[in-house]
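Subject: Structure for your review

Dear colleague,

Please find below the structure that I am handing over to you.

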Amino acid sequence: MHRPLSGTSTSLSSPSSPAHRARSAASTPGPAALRPYHDGDDGNAARANGYGTDDDELHPERTRDLADPRPWETRVPPSTYGTSRAASQHPPLPLYSSEMDENTARRRYADKKVTHAEDEKEELLDDQGKWGKAQGAGPGLGGRRGLPPKQRLPGWRGMYQEHEELFWTITYTLLSMLTRFWRIGTANYVVWDEAHFGKFGSHYINRDFYFDVHPPLGKMLVGLAGLLSGYNGGFEFKSGVQYPDDVPHTAMRVMLASFGVALVPLAWFTAGELGWSRRTRHWVTLCVLCDIGWLCISRFILLDSMLLFFTFTTTLGLVKFHNQRHDPFSDDWWIWLVFTGWSIGCVCSVKWVGMFATAMVGVYVIEDLWNKFGDLSMPIRTYVKHWIARIGALIVLPFVVYAACFKMHFMILNRSGPGDAQMSSLFQSHLIGNDFAESPLEVAYGSRLTLKNFGYGGGLLHSHVQTYPVGSNQQQVTCYHYKDDNNHWVVSPTWDDDPVDPDGPIRFLQHGDSIRLVHYATGRNLHSHPIAAPVSKENWEVSGYGNGSIGDYQDIWTVEVVDDTHAKDTNGRIHSLTTRMRFKHNSLGCYLRAANAVLPQWGFKQVEVSCVKENNPKDVHTYWNVESHWNERLPPGNANLYRSPFWRDFAHLNVAMWTSNNALVPDPDKEDILASAPTDWPFLHLGLRMCGWGDNQIKFYLLGTPVIWWFSTLALGLSLATAAWYALRMQRQYRDWAPGEWDHHLYVLKTAFGGWAFHYLPFLIMGRVTYLHHYLPTLWFAVLLAGHVLDLYAFNNSRLSPRARDVAFALAAAVVVANFWWFKDLALGIHGPVDKIRGWGWRRSWNIYNSVE
């Protein structure tokens, strides 16, 4: 508690005087009000908005205003800091006058009776709650809690108070390493999706081109972890197979788990930047440390630890940038703006769900710019600079990071591999081991070839012996994304023309020619007739019909050249790889088309091929080019004639990823015991078995720490109800909040709830198959909301004594830690028969046990 300095006027009214009660009624909430952020042990950014301390709780007559951040430099009574009346009655004097000796100055500090570090650090805040630059960066990332030399406490307490931030950062990082690395290599077999992402890492080491629905950054980091571990890329990563001795799976897991380790200190930094009490910071950090869902997913060769890491860094960058809003265009302002943009680019380059974090930041920026638009004191030039800075850092920079990841992806994977067919023919022609560029340049009658659909995500024209179960019941014709002998077709003359003479003159295929396309493996003719296609009912069905001697006029197609991407003068001839053409049905006048309609299971989920009635010359899904070409009578081509632009390949691959991702829909004919609905996630209705469940193998069950998930979900509704309640009270002219507190409360609520909504609600309308791990990024924002609620009602509630708040924190922390310890083996590994372990069946829907308890 501060005492007035000697010589200070004591004419101010006493706390019990009527004059004082009249003053305090206008600024102090009523007895029923909660006073957020009044925590005597808090030294962080909460005081940026005038939040009170324990000293205020003992003396409610004192209003809090930090316009005068260094009270030791004035002779103003502490009860009137920042008031205009005090400034007029008590002019500021220097801390040390010429007549004052050092002993007198020491006694003046002693009179203040500063009893703990929090009161001292409070005095270092400026009128915006920022730490004085001469004393360090403050309570956030890299900050120091410096104090004036006369204020530092002696001994270990002084050392602790000066390095408190560093102490807890190191402590939580070590605890995070302990949990993430403990027994990480015990399970020496391929667990769950390690079968996918470990294999992708092998492709980067071997430089074989592959295709996947996710962007490449996370998988490149998996490959880097393998390379640094000494892995040679020769393992196939088949699910459940034991790792051989030459595969350093433990080292790879440790490297990737490091991203999970970093989540805990990131949570500590973020909670501090949100202005909460120290108790809330510790509780939120403990939740991240002790959630077994985050723990389990971080311990394997997966992408989720990297996705979570960049989600956390994006959130930290946003709140750090927000805290620099009063000092625009400063060095720190630029650093955190650029950091946020970089994080957005990285999180989107790991998985596309990172777009949800982008949306969260985007909404914040829109609101921020809207508020600045209403600031009439801001020059228009400054306002335009704000727009330019945000466009450059939050749009251009993330896109550059995202595109750069694909550029590195293409540069590394320069060999032909299993994902070639997803890319354009020109792109494939430059891969080592691919012979497309050696194909004869000009196509002739009698040539055997494959036809690639030019539309984004297009495949190869394909047919197989299976027939349509609906429509004509003739042989199926589809588009297939992988190389197969069933993709081969032979260019043949019409029924009325002479057959191809192998010893006669070569007849080249040209624009306007009418031809038959004969399936090489089955001899069927590419055929269409006025029967509705099985999926695209408005189009005609395309099938395989007849043979070399049986057919009709509905087997005839006319070649129409669209353009040639490289040669300007082709003399009307069709060139391999570069000529784009359309096939028009002679009888029906429709065009051969392969869009993104997917056949049911009877069509093996391949892309439907139909004949579209509308003649749209700009429809790229009706464009086809020759990919592979075989003709012994023609000379090989020249690879130097072909070039594939990066931006075309970039767009092509992204559309192919989008198309394939949308095709990941639940199969009604199969039961996926691992899948779960988004409505199952908030209250942990289902977990996920990550491996086989035999008695003699180590087993892992993906499940969150129940109390964290359940309470964070309840906090969603409670936080909204609290905001609505106070909004109603404010409308009725109740004054429950000190100046700035309500705005800060809403800012934290909007950030946390907005992040949760953007990460969760889209899954409710997605058609794709979903799993429990899809909720893990969303959980971060639910935990932030839970911390926000606890800070308001318990950890920083001025109606509770400091001891009661400490007890509330101790109970909340103990529940989290105890719940983690109870379920920890689900993430660290279950040894032996699971049915012999009791106490994990908290919900009957959890399939931890082979038999229901």
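This is a predicted model: local features need pLDDT of at least 70, side-chain atom pairs count only at pLDDT 80 or more; totals for chains, interfaces and linings use all residues.

Residues are numbered from 1 along each chain as its sequence is written, and side-chain values use heavy atoms, with hydrogens and water left out.

Helix packing

Two packed helices are described by the angle between their axes and the distance between the axes. Axes are lines fitted to C-alpha atoms, for helices over the stretch in contact, and angles run from 0 to 180 degrees between N-to-C directions. Helices (H or I, at least four residues) are DSSP runs, numbered from the N terminus.

Helix α7 (residues 164-181) packs with helix α11 (residues 263-273) at an angle of about 150°, their axes being 8 Å apart. This angle makes α7 roughly antiparallel to α11 (angles over 145 degrees count as such). The crossing of α7 past α11 is right-handed (the near helix is turned clockwise from the far one by less than a right angle). Contact means heavy atoms within 4.5 Å; among the residues that make it are Trp168 and Tyr172 of α7 and Trp268 and Phe269 of α11.

α7 also packs with helix α10 (residues 249-261), at an angle of about 135° and with the axes 9 Å apart. α7 passes α10 in a right-handed crossing.

Cavities

The structure holds seven cavities of 30 Å³ or more. On a 1 Å grid over the protein atoms alone, a cavity is a set of points where a 1.4 Å probe fits but cannot get out, and lining residues have an atom within 4 Å of a point. A volume is the space filled by probe spheres set on the points, which are joined across faces, edges and corners.

The second largest cavity has a volume of about 70 Å³. Its lining includes Phe209, Tyr210, Phe406 and Met657, and the elements that give two or more residues to that lining are α17 (380-412) and α19 (646-662).

Notes:
On a 1 Å grid over the protein atoms alone, a cavity is a set of points where a 1.4 Å probe fits but cannot get out, and a pocket is an open set with protein on both sides within 12 Å along at least five of seven lines; lining residues have an atom within 4 Å of a point. Angles under 35 degrees count as roughly parallel, over 145 as roughly antiparallel, 65 to 115 as roughly perpendicular and the rest as oblique.
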